[in-house]
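Thanks for coming, everyone. Please have a look at the model on the screen, and then I'll walk you through it.

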Amino acid sequence: MPRMLRRGPAIRGLLFVTAVFIGVVSYSPVVPAAAGSRQQSHVAPRIVIDTDLSLWWDDATAIGMANVLEQEGVLRILGILSDIRNPVAVPAIDAIDSAYGHPNIPLGAVAHADANTAPHGYSDVLAKELPHSIHSSDKIPEGVPLLRTLLAHQPDHSVTIVAIGAYTNLAGLLQSKPGQDSSLDGRALVAKKVERLVIEDGLFPGGAPPLTNQKLDTSSAHEVVSGTNWPTPIAWVDGSTGIQTKVGGGLCTSVPPKNPMRIVYESRFGCGPPGDGDWDGPTLLYAVGGVQNLFSELGQGGAASINPQGGLTWSTDPARPHDVYVHVADQRALNQRIDTLIAGR
């Protein structure tokens, strides 16, 4: 996401792999939808969320909405990965999941999360104010092994990866070797098990310099976009989606004080108007429901490419006929939908 548009004044329980396996297979079987049939299918999509939750409002909304939609049977959360080096990030995710009654969602941390080099924010507030069972990111599986385990135990072409942060885990998955629950290497495993990658980044079609998600791990971003050529369709929910997606302003009066979305909102904005847009919430909604009259899919016949500035630009690419970029079609309806979900429990 072009978080330069929103961040700052300038640019602004499962603890072991065995337990993760139990969490994966505990979901009841769901027959995967055929590629391209999401809008016609009533099958709940299976998703993995890869997030830089720590500081920015919209990561929390995406995870909160995913939990509500899980309760409603709209989706199945296979796992949530942290992709930044904040050891409190995973405890904060665990606190959100637990507040919604889902304490057993498998969680993973980016490699070397204990280095603690990412800025902290409401992650620390959530971990302090809400119950959770995971107290440090270094006590749970790393993101890439967890991703391999999650994918290996799903039907073919059934998983949607929702990427709303750094590219580190995605690149690591592509580079991973056979083993860790599958005899396939990472790229082959993705090609076999993943239906689509839905990723929040870019400003299309014209392009932009590197934005926050790329800047978090530039080399991994290049690896995913151009290095190994991600082997499934990609939908890019770009920066235009978040500018006017101002949500959450009613949380201080509509939900109890211990609601995780209210805790995050108050930590970021007090009880005033939303001080930032929401990029990741729309990404989650699009990933699990398609256009829903809320979005438009553009750019068919093209794909994201690395431009001379090192950022992303939309370019003609006959080799990737199924990639699209996503814009908002009905801003009022989108905001209302997100507000309804983040106030749900």
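One term before we start: contact means heavy atoms within 4.5 Å. Another: helices (H or I, at least four residues) and strands (E, at least two) are DSSP runs, numbered from the N terminus.

Now the ground rules. This is a predicted model, so local features need pLDDT of at least 70, side-chain atom pairs count only at pLDDT 80 or more, and totals for chains, interfaces and linings use all residues. Residues are numbered from 1 along each chain as its sequence is written, and side-chain values use heavy atoms, with hydrogens and water left out.

First, the overall picture. The protein chain has 13 helices and ten strands. Of its 345 residues, 58% are buried. Buried means under 20% relative accessible area, exposed means over 50%, and partly exposed is in between, with a 1.4 Å probe and protein chains only. The accessible surface of the chain is about 12700 Å², and carbon and sulfur atoms hold 55% of that. Those areas come from the Shrake-Rupley method with a 1.4 Å probe; for residues, only the protein chains shown count as cover.

Next, the sheet. Eight strands make an open sheet with mixed pairing, in the order β3-β2-β1-β4-β5-β6-β10-β7. β3 (107-109) and β7 (295-298) sit at the edges with a single partner strand each, so one side of each has no neighbour in the sheet. On average, neighbouring strands here are turned by 20° against each other, direction ignored. Two strands pair if DSSP finds at least two bridges between them. In general, strands of a sheet pair through backbone hydrogen bonds, either parallel or antiparallel.

Let's zoom in on β1, residues 46-51. Is β1 enclosed or open? Six of its six residues are buried, so β1 is largely enclosed by the rest of the structure. Arg-46, Val-48 and Asp-50 point one way, while Ile-47, Ile-49 and Thr-51 point the other. β1 pairs with β4 (residues 159-164) in the parallel sense over six bridges. There, Ile-47 stands opposite Thr-160. β1 also pairs with β2, again parallel and over six bridges. Here Ile-49 has Ile-80 as its bridge partner.

Stay with β2 and find Ser-82. Ser-82 is buried, at 1% relative accessible area. Thr-51 is 31 residues away from Ser-82 in sequence, yet their C-alpha atoms are 5.2 Å apart in space. Beyond its neighbours within four places in sequence, Ser-82 touches several residues, including Asp-50, Thr-51, Ile-93 and Asn-169.

Further along the sheet is β6, residues 234-237. Both of its faces are covered: Ile-234 and Trp-236 are buried on one side, Ala-235 and Val-237 on the other. β5 (residues 194-200) pairs with β6 in the parallel sense over four bridges, and Glu-200 stands opposite Val-237. β6 also pairs with β10 (residues 324-328), parallel, over three bridges. Ala-235 has Val-324 as its bridge partner there.

Now the helices. α2 (residues 57-71) lies across β1, β2 (76-82) and β4, at about 160° to β2. α2 also meets α13 (residues 331-342): their axes come within 9 Å and cross at roughly 70°. That makes α2 roughly perpendicular to α13, a label that covers 65 to 115 degrees. Axes are lines fitted to C-alpha atoms, for helices over the stretch in contact, and angles run from 0 to 180 degrees between N-to-C directions.

Which residues of α2 and α13 meet? Trp-57, Thr-61, Met-65, Val-68 and Leu-69 in α2 meet Arg-337, Ile-338, Leu-341 and Ile-342 in α13. They divide into seven nonpolar, one polar and one charged. Ala, Val, Leu, Ile, Met, Phe, Trp, Tyr, Cys and Pro count as nonpolar, Asp, Glu, Lys and Arg as charged, and the others, Gly among them, as polar.

Last, two covered helices. Seven of the ten residues of α11 (residues 260-269) are buried, so α11 is largely enclosed by the rest of the structure. Among them are Met-261, Tyr-265 and Phe-269. Their cover includes α2, α3 (89-99), α4 (122-129), α10 (251-254) and α13. In α5 (residues 143-152), nine of the ten residues are buried. Val-144, Arg-148 and Leu-151 are among those.

That's my tour. Over to you.

Note on methods. Parallel < 35°, antiparallel > 145°, perpendicular 65-115°, else oblique.
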